[in-house]
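Good morning, and thank you for making time for this item. Please have the sequence and the model open while I speak.

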Amino acid sequence: MKNALIALALIVATTQAEASPVSASKTGNMQTALDDLSLALIDHGYELVKVQPIDHALVKRGYSDPGIRLAFVGKEELVQQALAIDPALLSLLPLRLTLEQENGRIRISSDDLAQWRERMPSAGPVLQKWEDELAAILSDYRGHE
Amino acid sequence: MPALFKSLLVLVFSALACTVHAAEPALLTRFVPGRSLDEATEVLKQAIVSHNYTFVRQQAIDSRLVPVEWEAKSVRIVYFCNFDTMDAALHRDIRTARIMPCRITLIEGDKGVDLVAVNPAWISEQWNAPDLQPGCNQLKADYLAILEEAAL
C-alpha cells in the first residue's frame, strides 16, 4: 500500500512539475548582460529584435523597479519554419527572453517551449530545434564563469 | 490508515485538477472578416485603449530580421500592456514576465485577418501557483474582450 502511494505521488508530482525553461545566470548588470547576449546571438545567427525595458518603463511611471527586462530575439528562418509547419507558431515569435536581476547576477530565461511541444506534437521537432538553439545561446552567454 | 486514505484522496483530487486544467486552449483567436491588415490593426488598437490598456508598438513579424523593404506585409504583431497590472503581477511572481507585454499576432488572408494571442491562463497552468491563476484568468478575459471588440 505504501509503495503504491509513493508511486502515485511520484506520478502526480511529475505531472504537476513545472517544465523548466532554458536559463543561464552570471555576474553582471543589465547592460553587460545585453552586450554579452547580443554577441552570443550573433554567433548563432540570431538577431536581437527588441529590448523591452520593463524596469525603466515602470520606474518612469512611478512604480518600483522590478529588475526585469525582456529581449525579443529571432532569425528569418524561424518565421519561415513557423509558416511551413503551423502558423500558430507565429504567436511565439520573435522568441522572448526574460532578463532578471538577482544579487549582482543577471539570469536570462526563455519561454517554456516544452509546454508548446506537449500541446503541438506535430511542431515538436521545430520547437526542440529552437529550444536547443536558445540553450546554446544562453550557454555562450554564461561562458566559463 | 485514515492518514493514508486522506493522502490518497489529496493525490487523486490533484490529478483530477490537472485534467480539468488541460482543457484550457493554448491560443485565443478571432477572425476579422473583410478588413485589410492596416484596418484590422487600427480597430485592434482602438479596442486595446477602450479596455484600459496602453498600446506599446507594432511591428512586422520579421522586423529587424530582414531589410525593411522585404518585411512581411501580411503578418504583424501588436504589443500592449496595463502598467498597474504589470507592476502588481511582477511583485507577486516574477514568472509573470513570461506573459508580458500582451501581444496579438495579426495574420492577413484572402477574406480577412486572423487575430491570435497566447492564452495566459494556459501558460500559468504550468506554474503550479493557484494564487496566480485568477489574475491570469482575468488577463485572458481581457484578451477575449479586446479580440471580440476588434472582430465586430
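I begin with a term that I shall need for packing: two residues are in contact if their C-beta atoms, placed from the backbone, lie within 7 Å. What you see is a predicted model, and the predictor gives the complex an ipTM of 0.85 and a pTM of 0.86.

Let me take chain A. It contains six helices and five strands, in the order α-β-α-β-α-β-α-β-β-α-α along the sequence. Of its 145 residues, 36% count as buried. If we consider contacts in chain A between residues at least 6 apart in sequence, 63% of them join residues at least 24 apart.

I would draw your attention to helix α2 of chain A, residues 30–43. Its 14 residues reach 20 Å from the first C-alpha to the last, close to the 20 Å expected at 1.5 Å a residue. Which residues of α2(A) are buried? They are Ala33(A), Leu37(A), Ala40(A) and Leu41(A). These four cover an arc of only 100° around the axis, which puts them on the same side of α2(A). They pack against strands β2 (47–52), β3 (68–74), β4 (95–102) and β5 (105–110), and against helix α6 (124–142), of chain A. On the other side of α2(A), the exposed residues are Gln31(A), Thr32(A), Asp35(A), Leu39(A) and Asp43(A). After the helix comes Gly45(A), with a positive phi near 75°.

I turn to chain B, which has five helices and five strands and reads α-β-α-β-β-α-β-β-α-α. Here 39% of the 152 residues count as buried. Of the contacts in chain B with a separation of 6 or more, 66% are between residues 24 or more positions apart.

The buried residues of α2(B) are Leu37(B), Ala40(B), Thr41(B), Leu44(B), Ala47(B) and Ile48(B). Viewed down the axis, they fall within an arc of 125°, so they line one face of the helix. Their packing partners in chain B are β1 (27–33), β2 (54–60), β3 (75–81), β4 (102–108), β5 (112–118) and α5 (133–151). Asp38(B) and Ser50(B) are exposed on the other side. Just after the helix, Asn52(B) adopts a positive phi of about 70°.

Val49(B) and Ile146(B) are 97 residues apart in sequence, yet 9.1 Å apart in space, C-alpha to C-alpha.

Next, the core. In soluble globular proteins, nonpolar side chains tend to be buried together. The largest nonpolar core in this model has 75 residues, and those with the most contacts inside it include Leu90(A), Ile108(A) and Leu44(B). Beyond its neighbours within four places in sequence, Leu90(A) is in contact with Ala82(A), and also with Ile61(B), Val75(B), Thr105(B) and Ile107(B).

Finally, a word on confidence. Chain B has a mean pLDDT of 90, and 86% of its residues reach 70 or more. Over residues 8–20 of chain B, however, pLDDT stays under 50. Where pLDDT is low, the predicted coordinates should not be read in detail.

Methods: Residues numbered from 1 in each chain as written. Chains lettered and ligands numbered in written order. Predicted model: local features only at pLDDT ≥ 70, side-chain atom pairs only at ≥ 80, totals over all residues. Core = buried A, V, L, I, M, F, W, Y, C linked by C-beta atoms within 7 Å. Buried ≥ 20, exposed ≤ 12 C-beta atoms within 10 Å, placed from the backbone. Helix = DSSP H or I, 4+ residues; strand = E, 2+ residues; numbered from the N terminus. Arc of directions from axis to C-beta. pLDDT = per-residue confidence, 0-100. Expected span 1.5 Å × (residues − 1).
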